[in-house]
Amino acid sequence: MSGPAPAPAAVIAGIGRYLPPDVVTNDDLSARLDTSDAWIRSRTGIASRHVVAPGTATSDLAVEAGRRALASAGGGAEAVVLATTTPDQPCPATAPLVADRLGLRGVAAFDVSSVCSGFLYGLATSAGLIASGTVGSVLLIAADAFTTIIDPEDRGTAVIFADGAGAVLLRAGRPDEPGAVGRVVLGSDGSLGGLIEVPAGGSRQRSSRIAPEPGEEFFRMRGRETFRHAVGRMTQSSRAALAAAGWDGPLAADRFAAHQANARILTAVAEELGIPAERRLSNIEWTGNTGAASLAVLLAEATARGTLKAGHRTLLTAFGGGLSWGATALLWPELKTFDD
Ligand code: UT7
């Protein structure tokens, strides 16, 4: 007697990325802030980053990345999930606008808010939509115009954060196919939410009827403490994801793709896990930290450049405000890319 059909798995079938054309170098930042190219390179691994031009919004980046992922997959999508920290407006969500601009009017569309963990939270959410049979395909876009919430005078954050978008098209398939998304390990610790925050602009501040102090509308990060938690949580969740996938420890991973927070964080996590340098993907040198977009941009770029190939056993991990974190392990599929 056969039982009920197994739930479909979400399978990555397309990928794309978009970085806005304007580039800011460390020397550009050093010209207006008390910092230097040497400090930024040695403490973060960043040499330059892409930033939005005046008037450009997150949806503009998301549409470009989404279009490329749809072209890569050669098809449409029945839902759009947008992971972002920087929606175009506080209300409504940005995803319906993005769906409309991609010619997908009428589909389910909503935002996911998990700061730099947004791509992995979005991946788990999208996989759930497919497994439940709610939709047969999801365009998951992770996009941030992060520089729009950065205090231009804060050298602790202005040198790190940047803008960009990455996207994957997920379709219903079998759990044993290349590209199938398995368990995504997720976690959070709201008791440490104050390490990464925008203090003003939400219901707490608005209901107080007290105008925000100057600068409270900007992003703030307690860098050194955040650094420590980022290393610990990405290491821990990576181990859990490897175990959930049934892989025989970190050395089973051919590629390690982590949220591009800071090159020193990535090195520390990879060393904790024992993953050799040649298996670590990184683009932070020329992208900076693009928030929710970072992991998706990295995967799309590595696929386009051929450093991430079909058959690579790939470990993904991310960490961000919330605090929030996640990891998953999957076999990389054969994908077309259209963004070079
Ligand atoms: O994406 C989501 C999560 N985000 C992260 O995971 C980021 C985590 N944190 C970091 O990446 C790092 O903590 C930073 C890059 C933000 C800072 O690097 P750090 O090595 O932790 O520096 P620090 O904050 O401990 O500061 C060391 C020194 C300080 O000077 P003193 O007190 O030693 O005299 C800072 O004032 O470096 C100074 N400093 C700078 N100097 C030149 C801080 N920022 C700068 C700067 N240029 N941009």
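In strand β12, L281 is the bridge partner of A257. The strands concerned, β11 (residues 255–258) and β12, pair in the parallel sense over two bridges, where two strands count as paired if DSSP finds at least two bridges between them. Strands (E, at least two residues) and helices (H or I, at least four residues) are DSSP runs, numbered from the N terminus. The model is a predicted one, in which local features need pLDDT of at least 70 and side-chain atom pairs count only at pLDDT 80 or more, while totals for chains, interfaces and linings use all residues. Residues are numbered from 1 along each chain as its sequence is written, and side-chain values use heavy atoms, with hydrogens and water left out.

Attention now turns to strand β6. Nine of the nine residues of β6 (residues 137–145) are buried, so this strand is largely enclosed by the rest of the structure. Here buried means under 20% relative accessible area, exposed means over 50%, and partly exposed lies in between (1.4 Å probe, protein chains only). S137, L139, I141, A143 and A145 point one way from β6, whereas V138, L140, A142 and D144 point the other way, and all are buried.

Strand β6 has pairings with β4 and β7. With β4 (residues 79–83) the strands run parallel and are joined by four bridges; A83 stands opposite A142 of β6. With β7 (residues 163–173) the pairing is antiparallel and extends over nine bridges. Within this pairing, I141 faces A167 of β7, and L140 stands opposite V168 of β7.

Strand β7 also pairs with β1 (residues 9–18), again in the antiparallel sense and over nine bridges, with A9 opposite G173 of β7. Nine of the 11 residues of β7 are buried, so β7 too is largely enclosed by the rest of the structure.

Helix α3 (residues 58–73) contains R67, which is partly exposed at a relative accessible area of 43%. R67 and L139 are 72 residues apart in sequence and 9.6 Å apart in space, C-alpha to C-alpha. G66 also lies in helix α3, but at 0% relative accessibility G66 counts as buried. G66 and R49 are 17 residues apart in sequence and 21 Å apart in space, C-alpha to C-alpha.

Several N or O atoms of the protein lie by oxygen atoms of the ligand. An oxygen atom of the ligand is 2.7 Å from an N or O atom in the side chain of N289. A polar side-chain atom of H259 lies 2.8 Å from an oxygen atom of the ligand, and for a backbone N or O atom of G223 the distance to a ligand oxygen atom is 3.1 Å. The protein covers 75% of the 940 Å² of accessible area that the ligand has on its own, with areas from the Shrake-Rupley method and a 1.4 Å probe.

Helix α2 also holds T44, which is buried at a relative accessible area of 3%. The side chain of T44 reaches the backbone oxygen of I40 at 2.6 Å. A polar contact is a pair of N or O atoms within 3.5 Å; within protein, one must be able to donate a hydrogen and the other to accept it, and residues adjacent in sequence count only if both atoms are side-chain atoms.
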